[in-house]
Amino acid sequence: MGNGMGQAPQGNPSYVERWARGPQPTPGFAACQELSQAVFDVAVLGGDGSQARAAELQQLMASLAVGFQTPPLELPFTDYGKAVAARNALGRLAQQSMSRCRAAASAASDPSPDCAVADLLTAAAAASPPLPDSLLVDNLVAAFFGNASTGPSLAKVLQHLAEGEGGGEAVMERLRREQQEVIARHGTDLTAEALDDMPYGAAVAREALRITPAVPAVFRVALVDFELQARRIPKGWRVWCHLGDSVLSYNKDTFVPDRWLQPASQPAAAAAAAAANGGGCPAHAHAGASGAARPEYSIPFGSGVRTCLGRHLVFSELLLVLAVLARGYAWEAVTPGERWRVVPAPAPSNGLLVNLRRL
Ligand code: HEM
């Protein structure tokens, strides 16, 4: 993602501040979606991250998502037709971003553009043979689609912290203390160094992603025959690998960020056996004797060569939001325990209304 995140800290507080100044309760889910689109605009497309751009991107995302699982009947009034139109509009935005970056790069007076598209153009030109623009546009649309998971993940963090599901005020207190230490060491700017120096914030983000992975499963093809929990999977089968408890609901266990700060004392095999006893889900591997999480069992961004390209951007974004909130805001959920649907896309049943105020 290049160094595009360097621009996000300036954009991020103003979004949160605007929510706090606006009428309460704040629709937390929509607000998080808007923020995630603004960050994508700045960090990936090199846009201005304005509210208007974020709204435009979110509208395109909504049209794209609705057409995702519909019959491929491409007429202007069908969901599929609207999704194709949204995809084409996104393609145009990607193309505009590429033209902007190229123009800025060739104008000696301009600073070089600071976004993922600029890095992509450099890499594409250096490839042999150089990659065509059409391929870059396709990949930017894929990245945009990937970003649809970011808003729900931000909102889930907000909910975990607002509700006290084993977290709440005690977790917030520790986040606030950590931010005071971060400010003492790094000053008030949310630099990359400051973000790297928030172990507790990182544990909170990891825990939210572990319990509530926004992508419930990934597809794989079995390359060899193998057995998993007494079931034989023949070579060539398509396998749907759950990233959480189930693809229909979120994990039900407790929000305990501390599990990420404890050393994993048991061997992987013992942890896997404990997981099998605790419901058969690898995400339960922490349930062994030590209570510590094993990072290799929590894979909200997938793994291997097709792992999520946006994972560092997402993680930085989660840390930024946690830092900004912990430094100056308090909030509570209007509907504690609000339930979420997971398919076709994660969303809270009532928009995750929160009362947000400046401290
Ligand atoms: C919380 C937010 C996100 C989650 C949970 C998430 C999760 C995932 C998962 C599980 C995969 C499949 C990995 C695999 O098959 O092993 C994936 C792929 C991908 N993601 Fe994300 N993602 C998120 C945000 C983003 C963002 C912000 C971007 C781009 C800026 C992005 C870009 C991509 C791309 C391009 C792929 C396809 C990679 C490939 O097939 O080579 N994602 N993501």
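Helices (H or I, at least four residues) and strands (E, at least two) are DSSP runs, numbered from the N terminus. This is a predicted model, in which local features need pLDDT of at least 70 and side-chain atom pairs count only at pLDDT 80 or more, while totals for chains, interfaces and linings use all residues. Residues are numbered from 1 along each chain as its sequence is written.

Keep the chain selected. Of its 359 residues, 38% are buried. A residue is buried if 20 or more other C-beta atoms lie within 10 Å of its own, exposed if 12 or fewer, and partly exposed in between, with C-beta atoms placed from the backbone. Two residues are in contact if their C-beta atoms, placed from the backbone, lie within 7 Å. Among contacts in the chain with a separation of 6 or more, 65% are between residues 24 or more positions apart.

Next, select helix α2, residues 28–45. Of the 18 residues in α2, 17 are buried. From first C-alpha to last, α2 reaches 25 Å, close to the 26 Å expected at 1.5 Å a residue; the expected span is 1.5 Å times one less than the number of residues.

Now select Val117, Val157, Leu158, Val204, Ala205, Leu319 and Leu322, the residues with the most contacts inside the largest nonpolar core, which has 75 residues. Such a core is a set of buried Ala, Val, Leu, Ile, Met, Phe, Trp, Tyr and Cys residues joined through C-beta atoms within 7 Å. Helix α2 supplies the largest share of this core, eleven residues. The core lies between domain 1 (4–153 + 308–358) and domain 2 (190–306), because both give residues to it. These domain bounds come from an automatic or database domain assignment.

Stay with Leu319: leaving out residues up to four places away in sequence, Leu319 touches Leu195, Met198, Gly201, Ala202 and Ala205.

Finally, select the ligand. It is surrounded by 23 residues, the closest being Gly146, Ser149, Gly302, Cys308 and Gly310; a residue counts as near if its C-beta atom, placed from the backbone, lies within 6 Å. Helices α6 (133–146), α7 (150–163) and α12 (311–328) each supply at least two residues of this shell, and α6 gives the most, with three. Domain 1 and domain 2 each contribute at least three residues to the shell.
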